[in-house]
Amino acid sequence: MTLVFILTIGVLLFLRGTGAQSLTQPDGHITVSEGARLELSCNYSSSGTTYLFWYVQHPNQGLQLLLKYLSGPSDALVQGIKGFEAEFKKSEKAFHLRKHSAHWSDSAKYFCAVSDTAPGTTGGAEHKPSETL
């Protein structure tokens with residue numbers, strides 16, 4: 001059985017910060033076999049403090065937060081829900097999502113998001129991107 005993971009163009013969050021930001025998700029569409037390792041790329045640039053998020057959107061459902069990186073070491077492994085994790089590498093400006101064993105129910109749209117404003121100060125970054133998808 002084959003799984004199809006659909007990725008859209010990276011979501012860019014502009015909250016109330018002053019740092020310049022950009023975000024790219026080079027994968028547009030990937031196919032992964034059931035039980036195989038899944039890795040989705042997310043590269044960012046930011047001139048200030050950076051907060052990173054990964055969301056998933058299953059068909060006919062809203063966005064769900066998978067995981068977030070708010071602060072910590074310059075390289076970190078962030079644990080999320082449903083077996084997902086993301087590797088934060090500050091020197092490479094990368095926050096790649098991965099899962100060791102993909103399941104057919106993981107077929108969905110995945111969004112990487114960046115903000116330079118801490119969640120809680122704007123009331124929304126943890127819950128949904130500021131743009132309508």
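I started with the lining of the largest pocket, whose residues split into 4 nonpolar, 7 polar and 2 charged. I'm working on a predicted model here. The volume of this pocket comes out at about 180 Å³. I then asked which residues are the closest to its centre.

**Core.** Next I looked up the largest nonpolar core, and it has 24 residues. W54, L66, L67, F95, L97 and Y110 have the most contacts inside it. Which elements give two or more residues to this core? I noted strand 3 (29–33), strand 4 (38–40), strand 6, strand 7, strand 8 (75–79), strand 9, strand 10 and strand 11 (109–115). Another core, of 5 residues, lies apart from it, and Y51, F53, Y55 and A113 are among its members.

Leaving out residues up to four places away in sequence, L97 touches L38, E39, L40, W54, L66, L67, F84, E85, A86 and Y110.

**Backbone.** Then I went through phi. Most residues other than glycine have a negative phi, so I wrote down the exceptions I came across.

N60 has phi near 60°, a positive value, and it isn't a glycine. I found N60 in the loop between strand 6 (51–57) and strand 7 (63–69). Is N60 buried or exposed? N60 is exposed, at a relative accessible area of 86%.

K93, also no glycine, has a positive phi of about 50°. Its loop runs between strand 9 (84–89) and strand 10 (94–99). With a relative accessible area of 31%, K93 counts as partly exposed, because the cut-off for exposed is over 50%.

How values were computed. Residues numbered from 1 in each chain as written. Predicted model: local features only at pLDDT ≥ 70, side-chain atom pairs only at ≥ 80, totals over all residues. Heavy atoms only, no water. 1 Å grid on protein atoms, 1.4 Å probe; cavity = no way out; pocket = protein on both sides within 12 Å on 5 of 7 lines; lining within 4 Å. Points joined across faces, edges and corners; volume = space filled by probe spheres on them. Nonpolar A, V, L, I, M, F, W, Y, C, P; charged D, E, K, R; others polar. Helix = DSSP H or I, 4+ residues; strand = E, 2+ residues; numbered from the N terminus. Buried < 20%, exposed > 50% of the residue type's maximum accessible area, 1.4 Å probe, protein only. Core = buried A, V, L, I, M, F, W, Y, C linked by side-chain atoms within 4.5 Å. Contact = heavy atoms within 4.5 Å.
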